[in-house]
Amino acid sequence: MADNTYMLEVVTPERVLQSNEVSFTVVPAIDGELGVMKNHAPLVAALNIGVLRYVDAAGSEKSIAISGGFIEVLDNEGRVLAETAEHGHEIDVLRAKAARERAERRLEQRAENINYTRAEQALKRAIARLKAAGAYSD
Ligand code: ATP
């Protein structure tokens, strides 16, 4: 184990996605991207829908799509509790593209029965998944 690493755990109500040593993490906190290295001060922050990036102990960068939640950092342990989370490699890109198109179509409509906040959230989740999978384009 490299001496610049700390433990990062990512859990959802459904599963433990990850519990590994990392050297760096960037999370989409509600007031901007937040980077965490070893020996970070204790912290609790709310997270937006977005992409969490980390560098693992072997030095490779990985991405996880998350749809909001919290991070706690204490004593060289980072814990992310997210509503949903997927590793970039496990994302179904076609599903995320379909979700993106569905949400964009809804947002373009001017109809009373459309819940725009819900469609915006769905669009953000789809875009985060496409970015984490490396499949996002404007
Ligand atoms: P969809 O409209 O495609 O269902 P959604 O944003 O409504 O997307 P969520 O409610 O956020 O989906 O997630 C439901 C479950 O499906 C969660 O367990 C989530 O991890 C998983 N999931 C959603 N989209 C994908 C995807 N593109 N690839 C893999 N897993 C996904």
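**Reading the ligand site**

Q: Which residue has a backbone N or O atom 2.9 Å from a nitrogen atom of the ligand?

A: That residue is D92. This is a polar contact (a pair of N or O atoms within 3.5 Å). The model is predicted, so local features need pLDDT of at least 70 and side-chain atom pairs need 80 or more, while totals for chains, interfaces and linings use all residues. Residues are numbered from 1 along each chain as its sequence is written, and side-chain values use heavy atoms, without hydrogens or water.

Q: Which side chains reach an oxygen atom of the ligand?

A: In E86, a side-chain N or O atom is 2.5 Å from a ligand oxygen. In R129, a polar side-chain atom lies 2.8 Å from an oxygen of the ligand. On its own the ligand has 600 Å² of accessible area (Shrake-Rupley, 1.4 Å probe), and the protein covers 69% of that.

Q: Which elements give two or more residues to the shell around the ligand?

A: They are helix 1 (93-108) and helix 2 (116-132). A helix here is a DSSP run of H or I with at least four residues, numbered from the N terminus. Helix 1 supplies the largest share of the shell, three residues.

Q: Which residues are around the ligand?

A: A residue counts if one of its heavy atoms lies within 4 Å. The residues are E14, T84, E86, E90, I91, D92, R95, A96, R102, R125 and R129.

Q: Which ring has the charged end of K131 over it?

A: The ring belongs to Y136, and the charged end of K131 is 5.0 Å from its centre. The rule asks for NZ of Lys or CZ of Arg within 6 Å of the ring centre and within 35 degrees of the ring normal.

Conventions. Polar contact = N/O pair within 3.5 Å; in protein donor to acceptor, adjacent residues only side chain to side chain.
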